[in-house]
Amino acid sequence: PPPATPGPFVLGAVIDGDADVVVLDPTVSGSHARLEVLTRGAGPDAEAQLVVADLSSTNGTYVNGARLRPWTETVLHPGDVLSLADPRVSYEVAVDPARVRGDAPGADAAGAWYDAEGGATSGSGGALAGAHPAIAAAAGLARALLAAMPANEPWRVTDPRDSPGLRARGLARSGDHAGAHAVLLDACARDPLDPGLWAQLANAERQRARRGVAGTSAGVARAFYRASCVGFEAAWRAGVAAGRA
């Protein structure tokens, strides 16, 4: 069964720590889909929603037989059937009332920058003027985390020709997970409109939170995941609009 937490957590077929819930089926991608419980409001009036997003899986994620657009959050309701790649790998959504009442679960450092409605609580301007509040909030959080890091860290010595995403993967493969995380923080703060970088950073933050690294939390990962989904959705809409022009 999925962990009894608000998430985010990833369903996939890779047994190397990348997937929180391992689904051993050859049709399921290594990192296939993300599940998360979002809480609207607080206290006795709080309401929880379970959302799913396909992570650009090869064979798709389906809700009640309809294929989901990658990186687009879809609200799940009791009785819905969630399928990964194949109807054989299906799960019916059920609700445990004890887990969806009361104060918002997992409230933490991200709460100061981001709320469940996607609103930023810190000002943003410049290149972010007019950006979606979720992206502005995540960028503010990335800048705050960067500001708390020492100024002479080795990862800050960069070649402008480097792709930050590839550089972060290289650092992670060499065992420098902190350096990879910092490179992605810096890249997202500099280029907050790149949804792929936000997705990579969200995964890094989630894994750090799972390992109990000081200063990390699932709430921070949620803010970064939201920025990624918003960015991919905007890119998809822009592509559709361009096709109609």
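The model is predicted. Mean pLDDT for the protein chain is 75. Four strands build an open sheet, and a stacked pair links W71 with F232.

**Confidence**
- In the protein chain, 71% of residues reach a pLDDT of 70 or more.
- Strand β5 has the highest confidence, at 95.
- Helix α5 (residues 218-244) has the lowest, at a mean of 79.
- Residues 97-129 have pLDDT below 50. Beyond near neighbours in sequence, this stretch still has 58 contacts in the model.

**Sheet**
- The strand order is β6-β5-β8-β9, with antiparallel pairing.
- β6 (66-67) and β9 (90-92) are the edge strands, and each pairs on one side only.
- Two bridges join β5 (residues 61-63) to β6.
- V63 has A66 in β6 as its bridge partner.

**Helix α1**
- Helix α1 (residues 133-147) has 15 residues. At 1.5 Å a residue it should span 21 Å, and its end C-alpha atoms are 21 Å apart, so the two values agree.
- Buried residues in α1 include A134, I135, G140, L141 and L146.

**Aromatic pair**
- Two aromatic pairs turn up in a search of the whole structure.
- One of them is W71 with F232. The ring centres are 4.8 Å apart, with 20 degrees between the planes.
- W71 sits in the loop between β6 and β7 (74-76) and F232 in helix α5, so the pair ties together parts 161 residues apart in sequence.
- W71 counts as buried because its relative accessibility is 10%, under the 20% cut-off.
- F232 is partly exposed, at a relative accessible area of 25%.

Definitions and conventions
Residues are numbered from 1 along each chain as its sequence is written. This is a predicted model: local features need pLDDT of at least 70, side-chain atom pairs count only at pLDDT 80 or more; totals for chains, interfaces and linings use all residues. Side-chain values use heavy atoms; hydrogens and water are left out. Two strands pair if DSSP finds at least two bridges between them. pLDDT is the predictor's confidence in each residue, from 0 to 100. Contact means heavy atoms within 4.5 Å. The expected span of a helix is 1.5 Å times one less than its number of residues. Buried means under 20% relative accessible area, exposed over 50%, partly exposed in between (1.4 Å probe, protein chains only). Rings of Phe, Tyr and Trp (its six-membered ring) pair if their centres lie within 6.5 Å; planes under 30 degrees apart count as stacked, over 60 as edge-to-face and the rest as tilted.
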